[in-house]
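Biologist: Before I use any terms from this model, I would like each one set against its definition. Please take them in turn.

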Amino acid sequence: MIDPKKKIKQWLERAKSEVEGNWNAMCVSTIDVNDTPDSRMVLFKEYSDDDNLIFFTNYNSKKGQDIRNNSAISATFFWDKFDTQLRIKGFVRITSREVSTKYFDSRPFASRVAAIVSNQSSKIDSYDELFEKYERLQNELSESDISCPEHWGGIEIVPTRIEFWEGHKNRLHKREVFELHEDKWETCLISP
Ligand SMILES: Cc1cc2nc3c(=O)[nH]c(=O)nc-3n(C[C@H](O)[C@H](O)[C@H](O)COP(=O)(O)O)c2cc1C
């Protein structure tokens, strides 16, 4: 049996080399305090030591609040070019400070300033005001003034179920499922 995490890597590598634009965009769903699902796009950025997928965000954002209350998460990729869909269901782990800081420091200066200016998901009075603050800080701050905020960093998706979906002719698609049972992956095919 192929290791499903290896297969995820293969699919992502193929997307990276052949898809134009955001090959790494995934729709991530969380569950809020009212047990209501919420979804948004984020970018897969790197693998954890366990080969899990990591994205980066503001921990105070809506999604950050959701996962503090409920660690369940799902992530879905779709690549039109290959007619493939990858679904991952699992729970989250907050990455170490070292991982977060390393990635933050690798971002362009303007993106780091934007991360500092934006209280992601909170109300603002006007977009112009936000933009002015961003421009002002870009001029006032230098490289050494900017460090990764405590509330900003990586989220690792630890999978418990993975589905590889391949579009086939006449809607007879192929669905290969892997589920973790007592630390072992079990696999089966399911009907399209
Ligand atoms: C293609 C795309 C990629 C995005 N990547 C990220 C990302 O990596 N991290 C992030 O926090 N937001 C990203 N966003 C913005 C999110 O979709 C979302 O607006 C933001 O994270 C706030 O979501 P929340 O209020 O549910 O927490 C991206 C949006 C798009 C359209």
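Modeller: A polar contact is a pair of N or O atoms within 3.5 Å; within protein, one must be able to donate a hydrogen and the other to accept it, and residues adjacent in sequence count only if both atoms are side-chain atoms. The model is predicted, so local features need pLDDT of at least 70, side-chain atom pairs count only at pLDDT 80 or more, and totals for chains, interfaces and linings use all residues. Residues are numbered from 1 along each chain as its sequence is written, and side-chain values use heavy atoms, with hydrogens and water left out.

Biologist: What makes the pairing of the side chains of arginine 93 and aspartate 50 a polar contact?

Modeller: Their side chains are joined at 3.5 Å, and the definition asks for N or O atoms within 3.5 Å.

Biologist: Why is arginine 93 called partly exposed?

Modeller: Its relative accessible area is 36%. Buried means under 20% and exposed over 50%, with a 1.4 Å probe and protein chains only, so a value in between is called partly exposed.

Biologist: Which residues are around the ligand, and how do you know that they belong there?

Modeller: Among them are Asn22, Arg40, Phe56, Ser61 and Gln120. A residue counts as near if one of its heavy atoms lies within 4 Å of the molecule. A nitrogen atom of the ligand is 2.9 Å from a polar backbone atom of phenylalanine 56. Ligand oxygen atoms lie 3.3 Å from an N or O atom in the serine 61 side chain and 3.2 Å from one in the glutamine 120 side chain.
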